[in-house]
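Reader: I have a new model open and would enjoy going through it with you. Could we take it step by step?

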Amino acid sequence: MATNQAAYGFATKAIHAGQEPDPRTGAVITPIYATSTFAQDGVGGKRSGYEYARTGNPTRTALEEAIAAVEGGRHALAFSSGMAATDTALRAICRPGDHIVLPNDAYGGTFRLLDKVLTEWGVHYDTVDLSDLDAVRAAIRPLEDGRGTKVIWCETPTNPLLGIADISALAELAGQSGAKLVVDNTFATPYLQNPLELGADLVVHSTTKYLGGHSDVVGGAIVTSLSELHERFDFLRNTAGAVPGPFDSWLTLRGLKTLAVRMERHCDNAERIVAALSAHDAVREVYYPGLAEHPGHEVAAKQMRRFGGMVSFTLHAGQQAALDVAAKTKLFLLAESLGGIESLIEHPGQMTHASTSGSPLQVPDDLLRLSVGIEDATDLLDDLYQALS
Ligand SMILES: *Cc1c(COP(=O)(O)O)cnc(C)c1O
């Protein structure tokens, strides 16, 4: 697999990259290397290249090679959570006095990390609508004495309003200003969108979501082709220790193998649900980048293969009606998180995005968000119809 890996298609890479049969036993599936330390040939000798499992573990390495291959990056690092990956990326790049441009509907946890933690260490931020390139340009602080805007943080599609940002255009702005463009690719996944190919400097993932895909493990990843930056991330991860264990790495790798087929089904089901909601009398607005009238549709069609499994909508009858629908669905489980095989519904204003209340990132209080799973579409539609009736 290693020699001409780039020639293989997405699904082949997801199943084989970094996952040669175990050299000793021939085991087809990468073993769970449940060990904290590795015996050495002698002082300073290298038996396997592994020494201590915070620094490296073979199950984790297999996961990292597979993620790098599907995301089209030279290097990938796996983390204990998406937030650990985000925190490592930002702390490796920024110093006191630096500035970050953050989308005005950023993932709530990313906003909280900046607003409540990194600002205490002297890092500043501004939130902007990333689809407004003039606003992004205006928010960028030029470098002075080495301090200024170091990161443009991008999420596309955004959570929970499914806004779209133009990755290539943002990469150009970042390149001109000396900032790094970081794309949180959790919602799109590398199957639908490859930010590094569009000019992004690094990609961050919550592998908890679609990459793991089965709602049974929490994890994160950073992917980049910039070797020097990768070394800094690796140093910080090893120093601070936010590593995933071998079993979590194995679960995530197991999930990644089926990402291609799962994403096709997530998209199929989401499209059916979007069509049904758009035609439903009770529904006021449907947010989905696949809709021709979505303001980001053209950009999404340019940079995404399909439009994903996340759908948000509002109701004519307002907040209480939205809460009632969330209480009445049976297959759509009322839960935070997303990207698993099972369908979920949630009320962002009081659940995932409660921490943004009163901030510029506040979301509409009558909004519902669906993570459309891979069940039978007709069952999902029936469930939504009964909840809306
Ligand atoms: C869930 C999520 C995160 C955080 O990841 P964890 O694995 O929960 O730490 C970051 N970004 C996005 C877009 C997410 O959905």
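Author: Gladly! Let us begin with a definition: two strands pair if DSSP finds at least two bridges between them. Please keep in mind that this is a predicted model.

Reader: With that rule in hand, in which sense do strand β9 and strand β12 pair?

Author: A pair needs at least two bridges, and β9 (residues 310–315) and β12 (residues 367–371) have five bridges. Within these strands, Thr314 stands opposite Leu367 in β12. The sense in which β9 and β12 pair is antiparallel.

Reader: Which strands stand at the edges of the open sheet?

Author: The sheet is formed by five strands with mixed pairing, and their order is β8-β9-β12-β11-β10. A strand at the edge has a single partner, so one of its sides is left without a neighbour in the sheet.

Reader: Now to the aromatic rings. Is the pair of Phe38 and Tyr50 tilted or edge-to-face?

Author: There are five aromatic pairs by the rule used here. In one of them, Phe38 and Tyr50 are 5.4 Å apart centre to centre, with 35° between the planes. Planes under 30 degrees apart would count as stacked and those over 60 as edge-to-face, with the rest called tilted, so for Phe38 and Tyr50 the name is tilted.

Reader: How many residues apart in sequence are the parts that this pair ties together?

Author: Phe38 lies in the loop between α1 (10–16) and α2 (58–71), and Tyr50 is placed in the loop between α1 and α2 as well. Both Phe38 and Tyr50 are buried. The pair therefore ties together parts whose separation in sequence is twelve residues.

Reader: And what is the angle between the planes of Phe111 and Tyr125?

Author: Phe111 belongs to helix α4 (residues 108–117) and Tyr125 to strand β3 (residues 124–128), so this pair ties together parts 14 residues apart in sequence. Phe111 is buried, and Tyr125 is too. Their rings are 6.0 Å apart centre to centre in an edge-to-face pair, and the angle between the planes is 90°.

Reader: Let us turn to the cavity. Which element supplies the largest share of the lining of the largest cavity?

Author: The structure holds one cavity of 30 Å³ or more, and the largest cavity has a volume of about 40 Å³. Its lining includes Phe79, Asp248, Ser249 and Thr252, and divides into six nonpolar, five polar and one charged residue. At least two lining residues come from each of β1 (75–79) and α9 (246–256), but the largest share, three residues, comes from α9.

Reader: Which residue lies over the face of Phe79?

Author: Phe79 is one of the residues that line the largest cavity. At 5.6 Å from the ring centre of Phe79 lies Arg237.

Reader: Last one: what is omega for the cis peptide bond from Asn159 to Pro160?

Author: Pro160 lies in the loop between β4 and α6, and Pro157 is placed in the loop between β4 (149–155) and α6 (167–177) too. A cis peptide bond joins Thr156 and Pro157, with omega about -5°. For the cis bond from Asn159 to Pro160, omega is near 5°.

Technical notes: Residues numbered from 1 in each chain as written. Predicted model: local features only at pLDDT ≥ 70, side-chain atom pairs only at ≥ 80, totals over all residues. Heavy atoms only, no water. 1 Å grid on protein atoms, 1.4 Å probe; cavity = no way out; pocket = protein on both sides within 12 Å on 5 of 7 lines; lining within 4 Å. Points joined across faces, edges and corners; volume = space filled by probe spheres on them. Helix = DSSP H or I, 4+ residues; strand = E, 2+ residues; numbered from the N terminus. Nonpolar A, V, L, I, M, F, W, Y, C, P; charged D, E, K, R; others polar. Phe/Tyr/Trp six-rings, centres within 6.5 Å; stacked < 30°, edge-to-face > 60°. Buried < 20%, exposed > 50% of the residue type's maximum accessible area, 1.4 Å probe, protein only. Lys NZ or Arg CZ within 6 Å of the ring centre and 35° of its normal.
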